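Okay, thanks for coming, everyone. Let me put the structure up and then walk you through a few things I picked out.

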Amino acid sequence: MSEPEVVTVPEEEILDVEVEKDVLEANRKLAEEVRKALDAHGVKAIDVMGSIGSGKTTIIEELVKRLKTKYSIAVISGDVATSIDAKRILQHGVEAIQVNTGKECHLDANLVKKALGRLDLSKLDLLFIENVGNLICPAEFPLGAHKRVVVVSVTEGPYMVVKHPMIFAEADVVVINKVDLAQAMGVDVDKLAEDCLRVNPRAKVMKTIAREGVGVDELAKALEL
Ligand code: MG
Ligand code: ZN
């Protein structure tokens, strides 16, 4: 097979790099403030990232069902435009706040700080933050959470990890979801898991069928919940 020509440019030639540096630095400071506020109240926060349709909300719902008697839980749901996810969470009797980002394809620490202002942190133990469905920029925008989870579904194909190495490198836990569909999709789950560990040897890689609750107890353990 012949190799295609590959075009890259050095970082300083990327057009928005200076703007981006300032934004990332501002975000980093706000993320520290968020972390301090959470720690001051003993709230553990988990940032859940992944594409649209990977199963982020379903996984959060399944964790909430299992953990809501043990912890006081709230969920911040990030989305470009809808309130679908927060409505789903509210059905489980825990607090949910929807954050709509408008044009932005990721949550940032400022949005999380604003959402935290609507919650009584002194009454909370555990906070799930569902990021906007995207695997590129959430990696660059830490939110002050204690753990970062990336959800990837086998329905997204076999190359999700190798094509998004940055976000998997940032993850504490990777969830490979919908593993019951792997054969139909022609995706090798073990290969996906190997790809994860290659970019991030310290990641815990979990396999789930979230809609059936399969693997969710193990995931809660991996999150030390
Ligand atoms: Mg969702
Ligand atoms: Zn974005």
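**Zinc site, cysteines and a helix**

So, start with Cys-137: it counts as buried, because its relative accessibility is 13%. Keep in mind that this is a predicted model.

What does Cys-137 do here? Its SG coordinates the zinc ion, ligand 2, together with Cys-105 through SG and His-106 through ND1, at 1.9 to 2.2 Å. Along the sequence, the donor residues are spaced C-H-x30-C. And the pair His-106 and Cys-137 ties together distant parts of the chain, 31 residues apart. His-106 sits in the loop between β3 (95–100) and α4 (109–116), while Cys-137 is in the loop between β4 (126–130) and β5 (147–153).

Cys-105 has 33%, so it goes down as partly exposed.

Now, disulfides: the count is 0. Take Cys-196, which is buried at 1% relative accessible area. The closest cysteine sulfur to its own belongs to Cys-137, and that is 20 Å away, so a bond is out of reach.

Last stop, helix α2, residues 56–67. From first C-alpha to last, its 12 residues reach 16 Å, close to the 16 Å expected at 1.5 Å a residue. How much of α2 is buried? That would be 10 of the 12 residues, so the helix is largely enclosed by the rest of the structure. The buried set includes Lys-56, Glu-61 and Glu-62, along with Ile-59, Ile-60 and Leu-63.

That's my tour, over to you.

Conventions. Residues numbered from 1 in each chain as written. Chains lettered and ligands numbered in written order. Predicted model: local features only at pLDDT ≥ 70, side-chain atom pairs only at ≥ 80, totals over all residues. Heavy atoms only, no water. Donors = N, O, S within 2.8 Å, 3.2 Å for Na, K, Ca; no water. Helix = DSSP H or I, 4+ residues; strand = E, 2+ residues; numbered from the N terminus. Buried < 20%, exposed > 50% of the residue type's maximum accessible area, 1.4 Å probe, protein only. Expected span 1.5 Å × (residues − 1). Disulfide = S-S within 2.5 Å.
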